[in-house]
Amino acid sequence: MGKGKGDVKLLGGWPSPYVVVRVEIALNLKSVDYEFQTENRESKSELLIKSNPVHKKIPVLLHGGKPICESLIIVQYIDEAWSDIGPPILPSDPYDRAVARFWAAYVDDKIFPAVKGIVVANGEEAKVKELKEVLVLLEEALILKSRAGEGSHSSEVMKSGTLTLHLGPSFHGSR
């Protein structure tokens, strides 16, 4: 792959393929070499429990032996730690970053649960309707942002690829 700043290890696997893939995409965008350690939901490793003692869940990024937890936080960390490598993940403008973070949180809070609900309910109609509603809202926001035009704050959020990074893994499936 490429450059890194010290040893980098990603703890991931099921049941969280979406958020783990998000971190992998960010690491690959920045050309960071990393080791992937698959975690087992039933038998969590000592390293995972030590690295994330509060939630004891994946993903966890270890950089130089220091743990960073929660996928959105990890992606932001990757963007800052390797700011001199690869394309920026978040926009440089503070307002644009805030907007990008809002939509990333929307994906986590609304879209991931809706997709999971459909899978668990075997396509139950009410769950499908719920997913359609949250996707329509996201689509309307994206259309408004694309119409905002070049050079606008909305345009910068769209160009940064932040939404793609956060939304893409929800439709990716497993590793």
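# Briefing: sheet, cores and side-chain pairs

An open sheet of four strands, in the order S2-S1-S3-S4 and with mixed pairing, is found in this structure, which is a predicted model. Strand S2 (35-38) and strand S4 (66-69) are the edge strands, and each has a single partner strand, so one side of each lacks a neighbour in the sheet. From one strand to the next, the twist averages 20°. The largest nonpolar core has 23 residues, and another core, of 14 residues, lies apart from it. A search of the whole structure gives four salt bridges, and the count of aromatic pairs is three.

**Sheet**

- Strand S1 (residues 8-12) and S2 run parallel and are joined by four bridges.
- Within this pairing, Gly-12 stands opposite Thr-38 in S2.

**Nonpolar cores**

- In the largest nonpolar core, of 23 residues, the members that touch the most others are Leu-27, Leu-61, Ile-78 and Trp-82.
- Two or more residues of this core come from each of S1, helix H1 (17-29), strand S3 (60-63), S4 and helix H3 (71-81).
- The other core, of 14 residues, includes Val-99, Tyr-106, Leu-138 and Ala-141.
- In soluble globular proteins, nonpolar side chains tend to be buried together.

- Side chains of opposite charge can pair when their charged atoms come close.
- Lys-9 and Glu-35 form a salt bridge in which the closest N and O atoms are 3.7 Å apart. Because Lys-9 belongs to strand S1 and Glu-35 to strand S2, the pair ties together parts that are 26 residues apart in sequence. Glu-35 has a relative accessible area of 42% and is partly exposed.
- Asp-108 and Arg-22 meet through their side chains in a salt bridge, at 2.6 Å from N to O. Asp-108 is in helix H4 (residues 94-120) and Arg-22 in helix H1, 86 residues apart, and the pair thus links distant parts of the chain. Arg-22 is buried, with a relative accessible area of 0%.
- A salt bridge also forms between Lys-30 and Asp-79, with 3.4 Å between the closest N and O atoms. Lys-30 lies in the loop between H1 and S2, and Asp-79 in helix H3, so parts 49 residues apart in sequence are tied together by the pair. Lys-30 and Asp-79 are both buried.

**Aromatic pairs**

- A pair of aromatic rings is described by the distance of the centres and the angle of the planes.
- Tyr-77 and Trp-82 make an edge-to-face pair, 6.2 Å centre to centre and with 90° between the planes. Tyr-77 is partly exposed, with a relative accessible area of 27%, whereas Trp-82 is buried, at 0% relative accessibility.
- Phe-102 and Trp-103 are likewise an edge-to-face pair, with 5.0 Å between centres and 85° between the planes. Trp-103 counts as buried because its relative accessibility is 9%, and buried means under 20%.
- Phe-102, Trp-103 and Tyr-106 are linked by ring pairs into a cluster. Tyr-106 is also among the residues of the 14-residue core.

**Surroundings of Ile-68**

- Ile-68 lies in strand S4 and is buried, with a relative accessible area of 11%.
- Leaving aside residues up to four places away in sequence, Ile-68 touches Pro-59, Val-60, Leu-61, His-63, Ile-73, Ile-74 and Tyr-77.
- The C-alpha atoms of Ile-68 and Ile-78 are 9.9 Å apart in space, while the two residues are ten apart in sequence.

**Backbone features**

- The peptide bond from Ile-58 to Pro-59 is cis, with omega near 0°. Pro-59 is located in the loop between helix H2 (46-51) and S3.
- Ser-31, a residue other than glycine, has a positive phi, near 55°. Ser-31 is in the loop between H1 and S2 and is partly exposed, with a relative accessible area of 28%.
- Glu-70 is not a glycine, yet its phi is positive, at about 75°. Glu-70 belongs to the loop between S4 and H3 and is partly exposed, at 29% relative accessibility.

Conventions. Residues are numbered from 1 along each chain as its sequence is written. This is a predicted model: local features need pLDDT of at least 70, side-chain atom pairs count only at pLDDT 80 or more; totals for chains, interfaces and linings use all residues. Side-chain values use heavy atoms; hydrogens and water are left out. Two strands pair if DSSP finds at least two bridges between them. Axes are lines fitted to C-alpha atoms, for helices over the stretch in contact, and angles run from 0 to 180 degrees between N-to-C directions. A nonpolar core is a set of buried Ala, Val, Leu, Ile, Met, Phe, Trp, Tyr and Cys residues joined through side-chain atoms within 4.5 Å. Buried means under 20% relative accessible area, exposed over 50%, partly exposed in between (1.4 Å probe, protein chains only). Rings of Phe, Tyr and Trp (its six-membered ring) pair if their centres lie within 6.5 Å; planes under 30 degrees apart count as stacked, over 60 as edge-to-face and the rest as tilted. Contact means heavy atoms within 4.5 Å.
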